[in-house]
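Please consult the sequence and the coordinates alongside the text.

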Amino acid sequence: MTAGELPFFVYGTLRPGERNHALFLGGRTAAEEPARLPGAALHDGPGYPYAVRGGDGEVAGELVRAAPGAYGGLLSALDGLEEYHGPGHPLNLYERRRCDVVRLRDGVLVPAWVYVAAARAVPGQRIPGGDWFGRRPPRRVPHVR
């Protein structure tokens, strides 16, 4: 990774175990570690979440660093997935913004690309706790006698 290549902060379907993680990040990352985006809220969407900047909440996710030589392809793939066409474009579903995220292992602020809700996005209900994993109903464990 060169000095101009920011890591990515992922908080929804790109997180480990979610449907887009293997499709878009598999084999393209050098590191993935827990992080939080302060000053944002997480909202439900049509099968994927929206991070909305502002307020005193925070969003849980992972800080993802591209594998050597994979940055350009990863950036292009994520821009396509997130329907990002360029700064302020009217067709954007998300805006790609440079934001400081908190790396959980040491509390350090790390600048990263974050896809946040664009003007045409229609965020649903706020997800309590700011964690996409927390939206799921609790798993029912079968009762064994």
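## The segment after β5

Apart from neighbours within four places in sequence, I127 is in contact with L42, H43, D44, W132 and R135, contact meaning heavy atoms within 4.5 Å. I127 belongs to the segment that follows β5; helices (H or I, at least four residues) and strands (E, at least two) are DSSP runs, numbered from the N terminus. I127 counts as buried because its relative accessibility is 5%, where buried means under 20% relative accessible area, exposed over 50% and partly exposed in between, with a 1.4 Å probe and protein chains only. Between the C-alpha atoms of I127 and P38, which are 89 residues apart along the chain, the separation is 15 Å.

## Basis of the values

The model is predicted, so local features need pLDDT of at least 70 and side-chain atom pairs count only at pLDDT 80 or more, while totals for chains, interfaces and linings use all residues. Residues are numbered from 1 along each chain as its sequence is written, and side-chain values use heavy atoms, with hydrogens and water left out.

## The barrel

Five strands close into a barrel of mixed pairing, in the order β1-β3-β2-β4-β5. From one strand to the next the twist averages 45 degrees; axes are lines fitted to C-alpha atoms, for helices over the stretch in contact, and angles run from 0 to 180 degrees between N-to-C directions. Two strands pair if DSSP finds at least two bridges between them.

β1 and β5 run parallel and are joined by two bridges; F8 has W113 in β5 as its bridge partner. β4 and β5 run antiparallel, with nine bridges between them. Bridge partners in β5 include P111 for D100 and Y115 for R96. The hairpin of β4 and β5 has five residues between the strands, and G107 there takes a positive phi near 75 degrees. Strand β2 (residues 29-43) pairs with β4 in the antiparallel sense over two bridges, and A35 stands opposite R103 in β4.

## Helix α2

α2 lies across β1, β3, β4 and β5, and runs at about 30 degrees to β5. Within this helix (residues 71-81), the buried residues include Y71, L74, L75, A77, L78 and D79. Their cover includes β1 (8-10), α1 (21-25), β3 (50-66), β4 (94-103) and β5 (109-117). Just after α2, E83 has a positive phi of about 55 degrees.

## The largest pocket

The largest pocket has a volume of about 210 Å³. On a 1 Å grid over the protein atoms alone, a pocket is an open set of points where a 1.4 Å probe fits, with protein on both sides within 12 Å along at least five of seven lines. Grid points are joined across faces, edges and corners, and a volume is the space filled by probe spheres set on the points.

Sixteen residues line this pocket, T13, Y48, L81, E82 and Y94 lying nearest its centre; lining residues have an atom within 4 Å of a point. By class, the lining has 10 nonpolar, three polar and three charged residues, where Ala, Val, Leu, Ile, Met, Phe, Trp, Tyr, Cys and Pro count as nonpolar, Asp, Glu, Lys and Arg as charged, and the others, Gly among them, as polar.
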